[in-house]
Amino acid sequence: MNVPLYKQIYENILEKVRSGELQQGDKISSEKELADEFQVSRITSKKALDLLAQDQIIERVQGKGSFVTYSVEEPDNMLNSVQTAGIKKELMIGLVIPGFSDSYGTKLVQAIEHHASKYGANLLMKLTRDQIEDEENAIEELVDAGVDGIIVLPIHGEHYNRKILELVLKKFPIVLVDRYLRGIQASAILTDNKRAAKEATEYLMSLGHQHIAYITPPYDGTTVLEDRIKGFQLAHTEQHKQINPDYIFMNNGSDLAFDESMKAEYEMEIENMREFILNHPEITAFVACRNAFATILSHVIQSIGRKVPEDYSFVCFDAVHSIIGKHAFTHIKQREEEMGAKTVRRLISQINGEEKIKTELLNFDLVEGLSTAILKASVKN
C-alpha cells in the first residue's frame with residue numbers, strides 16, 4: 001500500500017528525532033525546504049509539519065520556524081517501559097465525559113483516542129450527561145473492566161464525586177481534563193480560563209464598549225466557571241472600571257446536553273435573556289461563558305429587531321468553526337488537540353509510575369468573528 005507523501009515526510013523527521021540526529025531545540029527544515037527536498041507541494045509539506053506539531057514532536061513558532069519540542073518522548077519507549085514495569089501489554093484507558101458537541105468536546109475526544117492508540121491503548125468511553133450518579137457508575141464500571149487509568153471530565157457542581165476521591169486516595173492513575181477539583185490532589189490539564197475571560201473582556205473594551213454583561217450558569221463551586229467570572233472581574237479591575245452586579249446574568253444553557261426534551265427549558269432561557277436585555281438598554285456587549293449562550297443571545301437580539309454586531313457585540317467560549325470565511329462568533333478557542341495529547345501523556349506517565357501531581361494551564365486563541373465590531377460613537381453611553 002502506498003504511504004501518503006505527507007506521512008513519508010512525517011516519518012522521516014520522526015526517525016531523525018528518534019535517532020538523535022535532531023534533538024530538542026533544533027530547528028527543522030521549512031515548508032519550502034521540505035517541499036523541494038521531497039519534490040512535493042507546500043500543501044503536502046505543511047500537512048506533515050502540522051501533524052508533527054499536533055503530536056507534539058515539534059513546535060511551530062510564527063515568523064521563526066519549527067523546532068523539536070523539549071517534551072518529545074518516544075511513545076514506543078514509554079510503552080515498553082510500561083510493559084517492563086509489569087503492566088499488561090494491552091493497555092486500557094477509560095474516559096468519562098458528560099458529552100460533547102460541535103462547538104466543544106468532539107476534537108478533545110478525537111485527540112484522546114488518537115494519542116491513546118499511539119501508545120497501543122484501547123479507549124473505553126462512558127457518557128455521564130452531567131449526572132453525578134452516572135459519573136460514579138461510569139468510573140466504577142471502568143475500574144471493574146480492568147482499565148489501567150482513567151481520564152475524567154468532571155460534571156459541574158460543588159459536590160465531588162466520591163469515586164474520584166477514592167481513586168486519588170488509592171493512587172490509581174487518574175487525570176482530570178478541562179477542569180480541576182478544588183482540594184482534590186489529582187493532575188489536571190485545562191485552559192487558562194481566568195486569563196481567557198480577561199482577554200475576551202479586554203477585547204470588547206478595546207472596541208469602545210463600556211457596559212459589558214457577563215452570561216454564565218450558576219457556578220455552584222465549579223472551578224472553570226469561577227475562574228472565568230474572575231477573569232471578567234479582573235479585566236474591569238485593571239481598567240479601573242466598576243462592575244455593575246446587575247450585569248451578571250445567570251442562565252442554565254448547556255453545550256453538551258441539548259435535545260428536544262429540553263425545548264421548554266431553552267424557550268424559558270430565551271425569554272429570560274430577552275427580558276434582561278430590554279431591562280438594560282445601556283449594555284452594548286456581552287461575554288458568554290458558553291457557546292450555547294451565544295447562540296441564544298444571537299437569536300434574542302434578532303427577535304427584538306436589533307443586529308449583531310451593529311447594535312450588540314459579543315464574545316463567547318468555543319464555537320462551531322467555519323471552513324470558509326470568518327467565524328460567526330468571535331470566541332475563545334480552546335486548544336482541544338493539545339489538551340487531549342497532554343492528558344494522555346500525563347496518564348501514561350502515571351501508569352508508568354513516573355508522574356507527579358500537577359495542574360497545567362494551556363494557552364488559547366481569541367478568534368475574531370462576525371459578532372464583534374467597534375462601538376458606534378452615536379450609541380455610546
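Where is the place of Met125? Met125 sits in strand 4, residues 122-127. Helices (H or I, at least four residues) and strands (E, at least two) are DSSP runs, numbered from the N terminus.

This is a predicted model, in which local features need pLDDT of at least 70, side-chain atom pairs count only at pLDDT 80 or more, and totals for chains, interfaces and linings use all residues. Residues are numbered from 1 along each chain as its sequence is written, and side-chain values use heavy atoms, with hydrogens and water left out.

**Surface**

Met125 is partly exposed, at 37% relative accessibility. Buried means under 20% relative accessible area, exposed over 50%, and partly exposed in between (1.4 Å probe, protein chains only). Together with Phe100 and Leu127, Met125 makes a nonpolar surface patch of about 230 Å². Patches are made of residues with over 30% relative accessible area and no salt bridge; like charges are joined within 9 Å, nonpolar side chains (Val, Leu, Ile, Met, Phe, Trp, Tyr) within 5 Å. Accessible areas come from the Shrake-Rupley method with a 1.4 Å probe; for residues, only the protein chains shown count as cover.

**Cores**

Now go inside. A nonpolar core is a set of buried Ala, Val, Leu, Ile, Met, Phe, Trp, Tyr and Cys residues joined through side-chain atoms within 4.5 Å. The largest one has 43 residues. Met273, Ile277, Phe286 and Leu297 have the most contacts inside it. Several elements supply at least two residues each, among them helix 8 (193-206), strand 8 (212-216) and helix 10 (263-279). Helix 11 gives the largest share, seven residues.

Not counting residues up to four places away in sequence, Phe286 touches Leu204, Ile212, Phe276, Leu297 and Val315, among others. Contact here means heavy atoms within 4.5 Å. A second, separate core has 22 residues, including Ala121, Ile151, Ile189 and Leu347.

**Cysteines**

How many disulfides does a search of the whole structure find? The search finds zero. A disulfide is a pair of cysteine sulfur atoms within 2.5 Å. The sulfur of Cys289 is 10.0 Å from the closest cysteine sulfur, in Cys316, so the gap is too far for a bond. Cys289 is buried, with a relative accessible area of 1%. Cys316 is buried as well, with a relative accessible area of 1%.

**Salt bridges**

Side chains of opposite charge can pair when their charged atoms come close. A salt bridge is a side-chain nitrogen of Lys or Arg within 4 Å of a carboxyl oxygen of Asp or Glu. The structure holds 22 salt bridges. Here are some of them.

| Pair | Closest N and O atoms |
|---|---|
| Glu136 and Arg162 | 3.7 Å |
| Asp365 and Arg335 | 2.9 Å |
| Lys342 and Glu360 | 2.8 Å |

Glu136 is in helix 6 (residues 132-144) and Arg162 in helix 7 (residues 162-169), 26 residues apart. Glu136 is buried at 16% relative accessibility, whereas Arg162 is partly exposed at 46%.

Asp365 lies in strand 14 (residues 364-367), and Arg335 in the loop between strand 12 (330-334) and helix 12 (336-351), so the pair ties together parts 30 residues apart in sequence. Asp365 is partly exposed at 29%. Arg335 is partly exposed at 28%.

Lys342 in helix 12 and Glu360 in strand 13 (residues 359-362) are 18 residues apart. Lys342 is buried at 18%, and Glu360 is buried at 17%.

Some salt bridges join into a network, which links Glu31, Arg42, Lys46, Asp50 and Arg60.
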